[in-house]
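Please keep the sequence open beside it as you read.

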Amino acid sequence: MSGAGDRYPPVSPLQAALSCRCPRCGKGKLYDGLLAVAARCNVCGLDLAAEDAGDGPAVFVILILGALVVVLATLVELAFAPPLWVHIVLWTVFIIGGAILLLRVMKAWLLAMAYRHHLLGGPSGEPGA
């Protein structure tokens, strides 16, 4: 584990979010499992236990995925007019897969933004500094 005095090069919040990596070092895995945030980074030791994104990621996912599904379902219906069961199967799989993928990315992005703005032991190393 690295000492508190060590410096890390800045990591882009977008890069950290898309790769689901630690917002401080950009190398450690952010998740222990599918959506559970690790207690600490396994590379730099950043304490992630206090991370609480709340409902923020879910709100973004609902709005983004909901709008996307409505547009795509309308286009599929107008172009192909498939039976109802095709819509049910297609959009159920799309929504579940999209929700998991987007939740991971949005949660990682909000955590990276909290780190960048010193809400989670930001670049200065101290929470709220």
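The chain of this predicted model has a mean pLDDT of 88, where pLDDT is the predictor's confidence in each residue, from 0 to 100. A pLDDT of 70 or more is reached by 88% of the residues. Local features are described where pLDDT is at least 70, and side-chain atom pairs count only at pLDDT 80 or more, whereas totals for chains, interfaces and linings use all residues. Residues are numbered from 1 along each chain as its sequence is written, and side-chain values use heavy atoms, with hydrogens and water left out.

**Confidence at the start of the chain**

- Residues 1–5 have a pLDDT below 50. Beyond near neighbours in sequence, this stretch has six contacts in the model, a contact being heavy atoms within 4.5 Å.
- Where pLDDT is low, the predicted coordinates should not be read in detail.

**Overall build**

- The chain has three helices and zero strands, and along the sequence its pattern reads α-α-α. Helices (H or I, at least four residues) and strands (E, at least two) are DSSP runs, numbered from the N terminus.
- Of the 129 residues in the chain, 31% are buried. Buried means under 20% relative accessible area, exposed means over 50%, and partly exposed is in between (1.4 Å probe, protein chains only).
- The accessible surface of the chain is about 7900 Å², and carbon and sulfur atoms hold 69% of it. These areas come from the Shrake-Rupley method with a 1.4 Å probe, and for residues only the protein chains shown count as cover.
- Among contacts in the chain with a separation of 6 or more, 48% are between residues 24 or more positions apart.

- How far apart are the end C-alpha atoms of α2? They are 36 Å apart, which agrees with the 36 Å that its 25 residues should span at 1.5 Å a residue. The expected span is 1.5 Å times one less than the number of residues.
- Pro57, Val61, Leu65, Val69, Ala73 and Val76 are buried in α2, and the buried residues of this helix pack against α3.
- An α-helix has 3.6 residues a turn, so residues three or four places apart point the same way.

**Aromatic pairs**

- The structure holds two aromatic pairs. Rings of Phe, Tyr and Trp (its six-membered ring) pair if their centres lie within 6.5 Å; planes under 30 degrees apart count as stacked, over 60 as edge-to-face and the rest as tilted.
- Phe60 and Trp109 pair edge-to-face, with 6.2 Å centre to centre and 80° between the planes. This pair links distant parts of the chain, with Phe60 in helix α2 and Trp109 in helix α3 (residues 84–116), 49 residues apart.
- Phe60 is partly exposed at 34% relative accessibility, and Trp109 is partly exposed with a relative accessible area of 29%.
- Trp91 and Phe94 are also edge-to-face, at 5.6 Å centre to centre and 85° between the planes. Both lie in helix α3, three residues apart, about one turn of the helix.
- Trp91 is buried, with a relative accessible area of 10%, while Phe94 is partly exposed at 31%.

**Cysteines**

- A disulfide is a pair of cysteine sulfur atoms within 2.5 Å, and the structure holds zero of them.
- Cys41 is in no disulfide, and its nearest cysteine sulfur, that of Cys44, is 3.6 Å away.
- Cys25 is buried, with a relative accessible area of 14%, and Cys41 is buried at 3%.

**Loops and backbone**

- Cys20 has a positive phi of about 55° although it is not a glycine. Cys20 sits in the loop between α1 and α2 and is buried, with a relative accessible area of 10%.
- Ala81, also not a glycine, has a positive phi of about 45°.
- Ala50 lies in the loop between α1 (13–19) and α2 (56–80), and is exposed at 64% relative accessibility. Ala50 and Arg40 are ten residues apart in sequence and 9.6 Å apart in space, C-alpha to C-alpha.
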